[in-house]
Amino acid sequence: MATKKKALVLGGGAPNLTLMSGALLALHQGGLKFEMIYMAGGGSVVGCVYLAPKALDPAQALEDTINLAVSDPIYEMLPINYKVFNKGGPSATAFRDYWKTLPEVQWAMNQYGQSSMEKLNSDWLLLNGAMACPTDVNFFSRGLCGHVPFIENLVDFEALKRAEPGYTLTAYCIEEEFVQEFDKPNVGVHEFRAALSFPFIYPPYRIGDNHYYEGAAVESLSLMSVMEDWRGKVDQIIVFNVLTKDLIHRPRNLVDAYAQSIIVPLVANAEKELAIFNYWARTGCVILPLTPPIPGPELEEVLKSAGRDDETCVPPGIEVLPITFTIPEDRRPYLLDWSRSNLESSFDIGYAAGQKFLAHHAGKL
């Protein structure tokens with residue numbers, strides 16, 4: 001039997017991105033190969049470190065995503081990820097450029113293989129640097145943080161241009177008012193930063209005459225890109241969606257409430273995108289836009305009835321294979337924490353989900 005061609009969809013996410021990296025590690029160890037990888041938001045971090053890791057192999061790089069976390073003793077005192085979200089402004093950039101040249105800091109930033117105590121010491125050193133770092137952020141600033149300055153420590157962007165398979169990541173162009181796809185070999189550090197520039201957290205990222213926000217802020221799963229780009233390239237679409245209702249809960253504190261204010265609309269977007277995509281996969285019909293917005297549980301039925309009379313629709317002949325992440329109820333209120341224990345737990349849950357997926361679909365992959 002001929003090998004089926006596969007595409008992987010890595011949707012938006014933040015600290016729960018290690019659900020995706022754990023699952024992708026299981027698929028990688030299971031020998032799955034992809035024709036295309038579609039990335040949005042936090043999924044872009046997972047996809048890029050997998051495609052072109054710096055100083056590590058792909059499996060190690062996926063495991064290393066856990067080290068984006070902050071050690072629990074520090075996070076309990078200060079529930080902010082100062083390792084991922086750095087101060088913004090020219091003075092902060094100048095400080096970081098110097099700070100990163102120090103051998104102790106370079107060691108602290110590369111935590112793969114360190115013991116738990118070494119990681120705690122490294123995080124403590126990085127916290128001191130974050131506190132010492134100046135900032136120019138003020139009322140007239142367009143965002144709080146510098147544009148993901150850590151990513152060049154994780155991704156070899158020159159290798160990414162040559163990486164296999166094909167890939168895209170998305171960013172929303174403010175001037176053109178649409179979600180733009182950056183694809184191989186046209187993805188460098190600037191395109192990546194544009195694709196991760198979430199409003200308020202980061203200023204819009206400028207490339208040429210245009211300014212960009214994170215694509216996942218508008219299209220949470222990049223599934224519209226799959227529909228536009230498909231053209232018979234693949235037989236199966238494997239979807240990683242970590243933007244589910246498991247993330248929505250009564251906030252524990254003000255920091256958690258801020259996280260909820262971001263995640264609730266993203267979850268709603270993801271639910272609608274999946275309904276539209278699943279209907280397209282079955283029928284070939286696309287019904288856009290939807291006005292007024294329709295609640296997710298009712299959306300697929302509306303699409304089904306709306307498309308029945310469209311004789312021009314031809315099913316694309318693809319199989320949609322979502323990975324299900326089973327989150328224990330006691331873990332759900334903490335999925336948006338950047339603590340090391342949460343990222344480790346999420347990675348393990350994702351890895352188990354990937355193994356279960358391989359076993360369940362062993363006869364068709």
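Modeller: A salt bridge is a side-chain nitrogen of Lys or Arg within 4 Å of a carboxyl oxygen of Asp or Glu. Keep in mind that the model is predicted. The side chains of Arg340 and Asp123 are 3.3 Å apart, N to O, so this pair counts as a salt bridge under the 4 Å limit.

Colleague: What makes Arg340 and Asp123 a link between distant parts of the chain?

Modeller: Arg340 belongs to helix 13 and Asp123 to helix 7 (residues 116-132), and 217 residues separate them. Both residues are buried, which means that each has under 20% relative accessible area.

Colleague: How many salt bridges does a search of the whole structure find?

Modeller: The search finds 9.

Colleague: Why is the contact of Arg332 with Asp246 called a salt bridge?

Modeller: Their closest N and O atoms are 3.5 Å apart, and the limit is 4 Å, so the pair qualifies. Here too distant parts of the chain are linked: Arg332 is in the loop between strand 8 and helix 13, while Asp246 is in the loop between strand 7 (236-240) and helix 11 (254-283), 86 residues apart.

Colleague: Why does Arg332 count as partly exposed?

Modeller: Its relative accessibility is 32%. Buried would need a value under 20% and exposed one over 50%, so a value in between is partly exposed.

Colleague: What about Glu319 and Lys364?

Modeller: Their side chains meet in a salt bridge at 2.9 Å, N to O. Glu319 lies in strand 8 and Lys364 in the segment after helix 13, so the pair ties together parts 45 residues apart in sequence. Glu319, at 25% relative accessible area, is partly exposed, and Lys364, at 30%, is partly exposed as well.

Colleague: Now the rings. How many aromatic pairs are found in the whole structure?

Modeller: There are 9.

Colleague: Why is the pair of Phe85 and Trp338 called edge-to-face?

Modeller: The ring centres are 5.8 Å apart and the planes stand at 80 degrees. Phe85 is in the loop between helix 4 (72-77) and helix 5 (90-99), and Trp338 is in the loop between strand 8 (319-323) and helix 13 (340-360), 253 residues apart.

Colleague: Which residues do ring pairs link into a cluster?

Modeller: Phe85, Tyr202 and Trp338.

Colleague: What makes up the patch of negative charge on the surface?

Modeller: Glu175, Glu176, Glu177 and Asp209 gather there. Glu176 sits in the loop between strand 3 (166-173) and strand 4 (178-183). Glu176 has a relative accessible area of 49%; exposed requires over 50%, so Glu176 is called partly exposed.

Key: Residues numbered from 1 in each chain as written. Predicted model: local features only at pLDDT ≥ 70, side-chain atom pairs only at ≥ 80, totals over all residues. Heavy atoms only, no water. Phe/Tyr/Trp six-rings, centres within 6.5 Å; stacked < 30°, edge-to-face > 60°. Helix = DSSP H or I, 4+ residues; strand = E, 2+ residues; numbered from the N terminus. Patch = residues over 30% accessible without salt bridge, like charges linked within 9 Å, V, L, I, M, F, W, Y side chains within 5 Å. Areas by Shrake-Rupley, 256 points an atom, 1.4 Å probe, with all protein chains shown as cover. Lys, Arg positive; Asp, Glu negative; His and termini not counted. Charge placed at Lys NZ, Arg CZ, Asp CG, Glu CD. Buried < 20%, exposed > 50% of the residue type's maximum accessible area, 1.4 Å probe, protein only.
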